[in-house]
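Dear colleague,

I am handing over the structure below, and my notes on what was found in it follow directly after. Please read them with the model open beside you.

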Amino acid sequence: MNAKLESRLRYLAAIIVAGAVASIGINLVQGRHTIGPLMAGFAYALVTCVAIGGVELFILRGPMMERLNRLSFIGLLAVRSAIYAGIIIVIQLLQVGERVAGFPLQTSIADFGVSIAYSAAVSVLLNLGFSIANLIGPRVFMNFVSGRYHSPVEENRFVLFVDIAGSTGLAERLGGIGIHRFLDRTFRLLTGSVVDYRGEVLNYVGDEIIVTWPERLGAVDCRPLRCFVAMRAALQRAASQFEREFGAAPQIRGSLHFGPVIVARSATSSRPSCSTATS
């Protein structure tokens, strides 16, 4: 299976499972222990997660990704929230849960008003979760939430170092603002390949991006090497756009390390940090 498709399907499955578990938990906390309310809540969670996850992964991160990446964080939050709210409102109006559970359909305008308010709140929360995961990476986000690297751990890891060739000359020609826009656009494209091949962005340092994989994940299908090849292919596809906007297309160089490293969460960052283990 294509690595990008596999990654998106895994992400979609995780969204569905999380939504289903959250729905059941909320119903149980509210004292709804009978099969009817649980079925209704599960139906709403399943349809909502499939719809929003599908739109997010196959449209917003597909054909629309480059346009959305040009928006500010607030603009992106507003656009995504509006899309999510629209999806949730449609699902609420269709009353999927009531139909599945065999409950009477709602007809009160007040009930629909509550549903719309609920939709707006859920859409903002979902969008914040996606936005945070996009900024620091889904795996880093989960490691941070679980507290996996709060204490230093020695692991065997693949570490891929990728830098932009000729960035000093580009910085002199484009100026401070221009080179930052150039690097930002480049790193957004490179990070897409990292996500597809299940890597973790360790850090962005100047014109360099550092990506890491635990030994077990990195050894599958030579993911670090395939990730680097995918990065080059992504930049080649976008070369004409870079030429039009900046007068130059990015070229990358890479080096790969494998061996024991010390992994821990930095006190000043949500990302884990790695250092070479010494004997």
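To begin with a pair of helices, α8 passes α10 in a right-handed crossing, where right-handed means that the near helix is turned clockwise from the far one by less than a right angle, and left-handed that it is turned anticlockwise. Please keep in mind that this is a predicted model, in which local features need pLDDT of at least 70 and side-chain atom pairs count only at pLDDT 80 or more, while totals for chains, interfaces and linings use all residues. Residues are numbered from 1 along each chain as its sequence is written, and side-chain values use heavy atoms, with hydrogens and water left out.

The axes of α8 (residues 167–196) and α10 (residues 223–237) come within 9 Å and cross at roughly 140°; axes here are lines fitted to C-alpha atoms, for helices over the stretch in contact, with angles running from 0 to 180 degrees between N-to-C directions. The pair is therefore oblique, given that angles under 35 degrees count as roughly parallel, over 145 as roughly antiparallel, 65 to 115 as roughly perpendicular and the rest as oblique. On the α8 side, Thr186, Leu189, Leu190, Ser193 and Val194 meet Cys227, Ala230, Met231, Ala234 and Leu235 of α10, a contact being heavy atoms within 4.5 Å.

Helix α8 also packs against α11 (residues 239–246), at an angle of about 165° and with the axes 12 Å apart, so these two helices are roughly antiparallel to each other. Their contact is made by Arg173, Leu174, Gly178, Arg181, Phe182, Arg185, Thr186 and Leu189 of α8, together with Phe242, Glu245 and Phe246 of α11. The crossing of α8 and α11 is right-handed.

Two residues deserve a look for their backbone. Most residues other than glycine have a negative phi. Glutamine 95, although not a glycine, has a positive phi of about 55°, and it lies in the loop between α4 (73–94) and α5 (96–101). Its relative accessibility is 5%, so glutamine 95 counts as buried (buried means under 20% relative accessible area, exposed over 50%, and partly exposed in between, with a 1.4 Å probe and protein chains only). Arginine 198, likewise not a glycine, has a positive phi of about 60° and is found in the loop between α8 and β2 (200–205); with a relative accessible area of 22%, arginine 198 is partly exposed.

Within helix α4 lies glutamine 92, which counts as buried at 13% relative accessibility.

As for the cysteines, a search of the whole structure finds zero disulfides, a disulfide being a pair of cysteine sulfur atoms within 2.5 Å. Cysteine 227 is buried at 0% relative accessibility, whereas cysteine 222 is partly exposed at 47%.

Finally, for the chain as a whole, there are eleven helices and five strands, taken as DSSP runs numbered from the N terminus (H or I over at least four residues for helices, E over at least two for strands). Buried residues make up 40% of the 279 residues. Of the contacts between residues at least 6 apart in sequence, 70% join residues at least 24 apart. The chain exposes about 14,900 Å², of which carbon and sulfur atoms supply 64%, with accessible areas coming from the Shrake-Rupley method with a 1.4 Å probe, and with only the protein chains shown counting as cover for residues.
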